[in-house]
Amino acid sequence: MEEDFFTDGFRKLTGPIEHWLTTYHTGYWGFRPDKEGAWEAIEEGEIFLFHASASKFLDVPRREVKDAGKAVIGLGRVGAKSTKSEPAWWEEVHQDGNYPFLIHFSEIHWFGDTDSIRDVPVADKSTDEMVADVHRLDQNKITFAEMDERAGYRIPAQGSPGNVKYPEKLFPLLVERLRGDSQKDLVSPQSQDATGDTSARDSSSIRERSRDRNLDPEQSASETVSYSSSVDQTMSGWVEHEHALDVFEDHLLNAGFDSGETKHSDILASRDGYLVLAEAKFIHDGNERSQIRTAIGQLHEYGYFDVQNDPERRGMELVKCLVFTKRPSESYLPFLKSLSEDGIHTFWIDEYEVLGLQNSLEKLSQITS
C-alpha cells in the first residue's frame with residue numbers, strides 16, 4: 001500500500017467515529033442513497049483515508065465523547081463493491097439511517113487500539129461499550145493540529161468521498177503510523193474499558209529495525225515532475241529521521257551491542273550491563289522546541305514501560321539518548337547539556353558520523369569501549 005499511495009495518492013472518507021466501528025467489524029463502508037453517484041465512481045484499488053468526524057449518534061453526555069474523532073484514524077484499499085439491505089451502522093440499528101451502497105476493503109490499517117475492541121456487530125454492543133470502543137479506535141490518530149504543524153496542510157473537514165489535494169504532504173505522518181515510528185502506543189486518558197479501568201502496558205520485546213525503505217530522495221525519476229519532487233521534499237524529514245537512527249545504531253552495533261526497536265522505543269540496545277534507550281527526532285528551525293519536548297517525554301515514558309516494567313532490563317545501567325538529525329541551535333545547547341545530570345545525553349548526526357555534546361560523547365565512549 002505504501003508504494004501505491006506514493007505514486008497514486010489517495011482520497012478520504014468522512015463519517016462519525018462510531019460508524020467506523022462497523023467498518024472495523026465488517027470491512028466495508030457505506031453510502032446513503034443520495035451518494036450513489038459517488039459510490040459508482042469509486043474504483044477497485046483506490047486508497048482512502050478514514051476520517052472520523054465527531055460522534056453524532058451515541059446518546060451520551062457530550063463530555064464522554066467530545067475529544068473523539070476529528071482526525072484520521074486509519075486507511076484502506078478498495079477491493080470490491082456491493083449493496084445491502086440489513087442494518088449495520090449504529091444509526092441504522094437505533095435510528096433511521098440508511099447506507100445501502102458498500103465498498104469493501106481488501107486491506108485496512110488502523111492506527112488505534114483495535115486489539116481491545118470486541119469484534120461483533122455494533123447491534124450487539126451497549127452504549128457504554130460503544131463509547132469505550134470509540135476511544136480505543138481514536139488512539140494514535142492524526143489530528144488536524146498535527147497536520148497543520150508537521151505537514152502545513154490539512155484534509156478538508158467535510159464531504160465524502162473527497163479528494164486530497166496534496167496527499168504527498170501527509171506521507172511522513174502516514175508512514176510513521178503504518179510502521180510504528182512515531183507516537184508509539186500512546187495511552188489516551190479516555191482509553192478505558194467499559195468498567196472505567198485503564199489497562200497497564202507491559203514491557204515490549206525487542207525486534208530488529210527494518211531498513212528496507214528504498215526512499216532515497218536522490219532517486220527521483222525526473223526533476224521536472226512536480227508531484228515526484230514534492231514527494232521527495234515532504235518525505236525527506238522521515239528519511240533523515242531513519243538515517244539518524246541507522247547511523248547511531250551502527251555505532252552501537254560496531255561496539256558489540258545487541259540492538260533493535262520495540263513497539264515503544266526507536267532503539268533499545270544492550271551490552272555488558274549497559275542499556276541504551278534512544279529517541280530520534282527530525283529538527284529544523286520551526287519545530288525544534290516541540291520536538292525536543294516530545295523526545296524528552298518519550299524517553300521518560302519508554303524508560304518506564306520498556307525498562308522499569310522488565311525485571312532483567314531494570315537491573316542494567318540505563319543511558320537515555322536524544323538523537324537529532326542536525327546540531328540543535330545554540331539557544332538550546334545549555335538546556336540539553338543540563339539534561340545529562342538526569343542521565344539524558346544529546347547527539348546529532350553529521351552525514352555518517354555521530355556527534356554530540358562533550359559530556360555525552362564521553363559517556364558514549366565509556367560504554368562502547
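Biologist: Hi! Which way do Tyr28, Gly30, Trp29 and Phe31 point from strand 2?

Modeller: Tyr28 and Gly30 point one way from strand 2, Trp29 and Phe31 point the other way, and all are buried. Buried means under 20% relative accessible area, exposed is over 50%, and partly exposed lies in between, using a 1.4 Å probe and protein chains only. Strands (E, at least two residues) and helices (H or I, at least four) are DSSP runs numbered from the N terminus.

Biologist: Good to know. What sort of model is this?

Modeller: It is a predicted model, where local features need pLDDT of at least 70 and side-chain atom pairs count only at pLDDT 80 or more, while totals for chains, interfaces and linings use all residues. Residues are numbered from 1 along each chain as its sequence is written, and side-chain values use heavy atoms, leaving out hydrogens and water.

Biologist: Back to strand 2, then. Does it run parallel or antiparallel to strand 5?

Modeller: Antiparallel, with four bridges between strand 2 and strand 5. Tyr28 sits opposite His104 of strand 5. Two strands pair if DSSP finds at least two bridges between them.

Biologist: And the largest nonpolar core, how many residues does it have?

Modeller: It has 34 residues, and among those with the most contacts inside it are Trp29, Phe31 and Leu137. Strand 5 gives the largest share, five residues. Such a core is a set of buried Ala, Val, Leu, Ile, Met, Phe, Trp, Tyr and Cys residues joined through side-chain atoms within 4.5 Å.

Biologist: What does Leu137 touch, leaving aside neighbours within four places in sequence?

Modeller: Its contacts include Ile17, Trp20, Ile73 and Trp110. Contact means heavy atoms within 4.5 Å.

Biologist: One last thing: where is Asp272?

Modeller: Asp272 is in the loop between strand 9 and strand 10. Asp272 has a positive phi of about 50° although it is not a glycine. Most residues other than glycine have a negative phi.

Biologist: Is Asp272 buried or exposed?

Modeller: Exposed: the relative accessible area of Asp272 is 64%.
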